[in-house]
Each structure stands twice: as C-alpha cells, then as structure tokens.
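Morning, everyone. Please have the structure open while I talk.

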Amino acid sequence: MDETNLTGEKSLREKLTDCVDSLSSPRALSWDSLPELDLYMDQVIVLMEKHLALFGDGRDKLLTPSMVNNYVKLGLIPPPVKKKYNREHLARLTVICMLKPLLPIPAIAYLTNQCAKSAGLPPAFDQFIQAQRQALEQAAQSARLEADQDSGLAEQENLARLALNLIAQANASRVLAEKIALLLQQEEGPPAKKQ
C-alpha cells in the first residue's frame, strides 16, 4: 500500500525507508575510485562534499579550505604540492571527515598513521572504507528490523527509541575506540625529544 498522503508527501515510514536504503547502498568509494589527477582546493571540497554527503547533516560543511589548511598545519595531511592535492590527501581527508564527529583529531591521526604504517595507505584506506560500509549495512539492517516490529508505541515514539538505541551503540563504540587509541599511545611512550 502506498503510504503517501493526499498532499503527495511521503509518510514517516517511507522517509525512514529512504534513509535506511541510503545507508545500505553507500557510494562505492575505494582507493582506486579516487581521482588519479591532482586537484586544486576547490575541486577537493566539491569532491569531498559529493563523496561524503551521507555523513553530513545538511547544515554544516563537512570540509572547508580553512579546515584543510589546519589539517596541513597539524600534520594530519602532507602539504599540497604546487597547491594541488593527490590521492593520499583525498584518502586522509575522507577518513578525517568521517571520524571527526566521533574522535579527537589526535586519536584520528594516531590510528590512521598506525594502520597506514603497517599496511600501506591504499590497503589501509580500502580496509577502513569496507569496515565503514559493513557498519552502515548492519545499522540499516538493524533499523529495518526495529522499524518493522510493532511495539505498540506510536511510530514517532518508536523511531525516537530506535535513534536513541543507535546513538547509545555508537557512543559505546566511540568510548572504546578512544580508550584503545590511548592505550596504544601510552604503550609507545612519549615521542623522543630532539637534541
């Protein structure tokens, strides 16, 4: 049965289905899908907004030129070469944009550098993207199952509970990820001072 109301607007359930479907079929992103040609800053911003639209809220920019410049200053990404950004820049910016709402920038830098150091950046990037894709698919499947259950609550109340359950899971994962990053950094000890 079509749940569209008389004004042509989608029902809450249809909007949820659209949202869930967008999670379970994210844009295919991989090292090989990143442009081979180096890009200027404005091209980088447009590309990141396009590739990462799923992770934005529509209100704030995911990436701005000043953010990119700050990431260079902080050493999160290497400086551009002749004002151009290559695949390494794009891969690192993608991961930063995905993770910055969840982890402090130093933790992101540490974890991504550790993974890239052991596996190399292209495989580490592809592995992270695959893990993110699987997590999105699992969240979408969980949301479908939860939305299909009749809890006896009003649809809006049921969806609010689902949202809170999902954010509780995300928060638990965030806390654990931060603690793991901290443990790894403590295990390494402080960086050696230059004399």
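I start at Val95, which, leaving aside neighbours within four places in sequence, is in contact with Thr112, Phe125 and Phe128. Before going on, note that this is a predicted model. Val95 sits in helix α4. Is Val95 buried or exposed? Its relative accessible area is 8%, and the cut-off for buried is under 20%, so Val95 counts as buried. Val95 and Ala109 are 14 residues apart along the chain, and their C-alpha atoms are separated by 9.7 Å.

Now the overall layout. The protein has seven helices and two strands. Read from the N terminus, the order is α-β-α-α-β-α-α-α-α. There are 195 residues, of which 28% count as buried. Taking contacts between residues at least 6 apart in sequence, 65% join residues at least 24 apart.

Next, α5, residues 105-119. This helix has 15 residues and reaches 21 Å from its first C-alpha to its last, close to the 21 Å expected at 1.5 Å a residue. Its buried residues are Ala107, Ile108, Ala109, Tyr110 and Ala116. After α5 comes Gly120, with a positive phi near 95°.

How does α4 pack against α5? The axes of α4, residues 87-99, and α5 come within 10 Å and cross at roughly 135°. The crossing is right-handed. On the α4 side the contact uses Arg92, Val95, Ile96 and Leu99, and on the α5 side Ile105, Ile108, Thr112, Asn113 and Ala116. By class, that contact has six nonpolar, two polar and one charged residues. Val95, where I started, is thus part of this contact.

In α7, Asn158, Leu159, Leu162 and Ala181 are buried. Just after this helix, Gly189 takes a positive phi of about 85°.

And what is the angle between α5 and α7? They pack at about 70°, with their axes 10 Å apart. That makes α5 roughly perpendicular to α7. Here the crossing is left-handed. From α5, the residues involved are Pro106, Ala107, Tyr110, Leu111 and Gln114; from α7, they are Ala181, Leu184, Gln185 and Glu188. The class count for this contact is six nonpolar, two polar and one charged residues. Ala107 and Tyr110 are on the buried list for α5, and Ala181 is on the one for α7.

Last, a position in a strand. Tyr85 is in strand β2, residues 84-85. With a relative accessible area of 3%, Tyr85 is buried. Which residues does Tyr85 contact, leaving aside neighbours within four places in sequence? They are Asp38, Leu39, Tyr40, Met41, Val44, Val68, Asn69 and Pro80. Of these contacts, take Val44: Tyr85 and Val44 are 41 residues apart in sequence, and their C-alpha atoms are 7.4 Å apart.

That is what I had. Questions are welcome.

How values were computed. Residues numbered from 1 in each chain as written. Predicted model: local features only at pLDDT ≥ 70, side-chain atom pairs only at ≥ 80, totals over all residues. Heavy atoms only, no water. Helix = DSSP H or I, 4+ residues; strand = E, 2+ residues; numbered from the N terminus. Expected span 1.5 Å × (residues − 1). Buried < 20%, exposed > 50% of the residue type's maximum accessible area, 1.4 Å probe, protein only. Axes fitted to C-alpha atoms, helices over the stretch in contact; angles between N-to-C directions. Left-handed = near helix turned anticlockwise from the far one by under 90°. Contact = heavy atoms within 4.5 Å. Nonpolar A, V, L, I, M, F, W, Y, C, P; charged D, E, K, R; others polar. Parallel < 35°, antiparallel > 145°, perpendicular 65-115°, else oblique.
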